[in-house]
Amino acid sequence: MAAELTADTIRTAPKVLLHDHLDGGLRPVTLIELAEQTGYDALPSTEPEALGRWFAESAYSGSLERYLETFTHTVGVMQDRDSIIRVASECAQDLAADGVVYAEVRFAPELHVQKGLSLSEVVQSVLDGFAAGTVAAAQAGHRIRIRALLTAMRHAARSREIAELAVAFRDQEVAGFDIAGAEAGFPPTRHLDAFEYLRRENAHFTIHAGEAFGLPSIWEALQWCGADRLGHGVRIVDDISLAFDGTARLGRLAEYVRDKRIPLEMAPTSNVQTGAAESIAKHPIGILKDLRFRVTVNTDNRLMSGCSMTSEMTGLVEAFGYGWGDLEWFTLNAMKSAFLPFDERLKIIDDVIKPGYAALKSA
Ligand SMILES: O=c1[nH]cnc2c1ncn2[C@H]1C[C@H](O)[C@@H](CO)O1
Ligand SMILES: [Zn+2]
């Protein structure tokens, strides 16, 4: 007999999160308090529930560009060391309480320098916050390993600098690099020098691609830039055709992505909000999982999507009828794809993930 699949039991399952934005995951209460403390006076509401609702509703725009506008408020209060430490510490605690055992959380250092912090100070503040949050989580009985990914904004021109920062901090829990922001009109090849530098440094990176723009963006991210993983990558389905007997035909790019086991960092609710997927039930994750692409489940922005790893997995269970074996498969895919040394990945798989799911399957 297996444990019943409910939000409560799924919360206890070990989960791995590869795609979560620090500035997309603030607690509404924290946002309100930090705004008060730092003199940020542009919040749309100062009542936590209404503010949470405002984010979720504003982010349901069907457009990535409009979705991204909501970040002005979160980034607005994350401009000093103490505020950043608090947000990062709470992030670690919230993920741990949600059953996340390993996380790579990203943020763009260049967005947090409005009040004079240097890029390095921003990174150090986040890392200090993660360390404090990890200790607090352990005291509450939750074990988490949380690391950072440094993001460069694709419309800006600081990617090489941010890539160098990621390499400088690689031995202090900075796992790798990413580019984010509006995708249409800002192809990843604009940042080729940053990616070439990272490859020469044997460093890891992921690229947001195939979310608000299609196959050319995915192709550039992989074949020009050399991305290790794809942020979302939802539009890879455009290269797959289904015959009416249900057989799938993969184009050359889709075949490459599957053959090379390129991890897809999918975030179902976020993808519906930005229009990358029609609904959870129609999300490409269903077909991509059936075809055994290396799919992972992620939150993207917990505040804007009003979600957690537990709610995303629960939504998939409801939409696709997944069982514990499927949730374990997503989790193993994510752990195998983490920017963490092989032996450490294996240890989390053997010591935490496999025993965790074995217990739930036989509860
Ligand atoms: O889903 C996303 N696609 C592209 N960019 C995004 C997404 N979610 C957040 N961002 C942007 C807005 C944040 O300010 C930035 C760094 O976390 O990354
Ligand atoms: Zn993202």
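Author: Two residues are in contact if their C-beta atoms, placed from the backbone, lie within 7 Å. The model discussed here is predicted.

Reader: Which residues does H21 touch, not counting residues up to four places away in sequence?

Author: H21 lies in strand 1, residues 15-21. By the contact criterion of 7 Å between C-beta atoms, and leaving aside residues up to four places away in sequence, H21 touches R106, F107, D300 and N301.

Reader: Is H21 buried or exposed?

Author: A residue counts as buried if 20 or more other C-beta atoms lie within 10 Å of its own. H21 has 25 such atoms within 10 Å, and therefore H21 is buried.

Reader: What is the largest C-alpha distance within the UniProt "binding site" annotation?

Author: In the unreviewed UniProt entry, this annotation covers H21, D23 and G181. They are spread over 161 residues of sequence but cluster in space, the largest C-alpha distance being 12.7 Å.

Reader: How many residues surround ligand 1?

Author: Helix 4, helix 5 and strand 2 each supply at least two residues of the shell. By class, the shell divides into 8 nonpolar, 7 polar and 4 charged residues. The closest are H21, F71, A108, T151 and A180, and the number surrounding ligand 1 is 19.

Reader: Are helix 2 and helix 6 roughly parallel or roughly antiparallel to each other?

Author: Helix 2 (residues 28-38) and helix 6 (residues 81-97) pack with their axes 11 Å apart, at an angle of about 175 degrees. Angles over 145 degrees count as roughly antiparallel. The relation of helix 2 to helix 6 is therefore roughly antiparallel.

How values were computed
Residues are numbered from 1 along each chain as its sequence is written. Chains are lettered from A and ligands numbered from 1 in the order in which they are written. This is a predicted model: local features need pLDDT of at least 70, side-chain atom pairs count only at pLDDT 80 or more; totals for chains, interfaces and linings use all residues. Axes are lines fitted to C-alpha atoms, for helices over the stretch in contact, and angles run from 0 to 180 degrees between N-to-C directions. Helices (H or I, at least four residues) and strands (E, at least two) are DSSP runs, numbered from the N terminus. Angles under 35 degrees count as roughly parallel, over 145 as roughly antiparallel, 65 to 115 as roughly perpendicular and the rest as oblique. A residue is near a molecule or strand if its C-beta atom, placed from the backbone, lies within 6 Å of it. Ala, Val, Leu, Ile, Met, Phe, Trp, Tyr, Cys and Pro count as nonpolar, Asp, Glu, Lys and Arg as charged, and the others, Gly among them, as polar. UniProt positions are given in the numbering used here, feature names are shortened, and annotations may be inferred rather than shown by experiment. A residue is buried if 20 or more other C-beta atoms lie within 10 Å of its own, exposed if 12 or fewer, and partly exposed in between; C-beta atoms are placed from the backbone.
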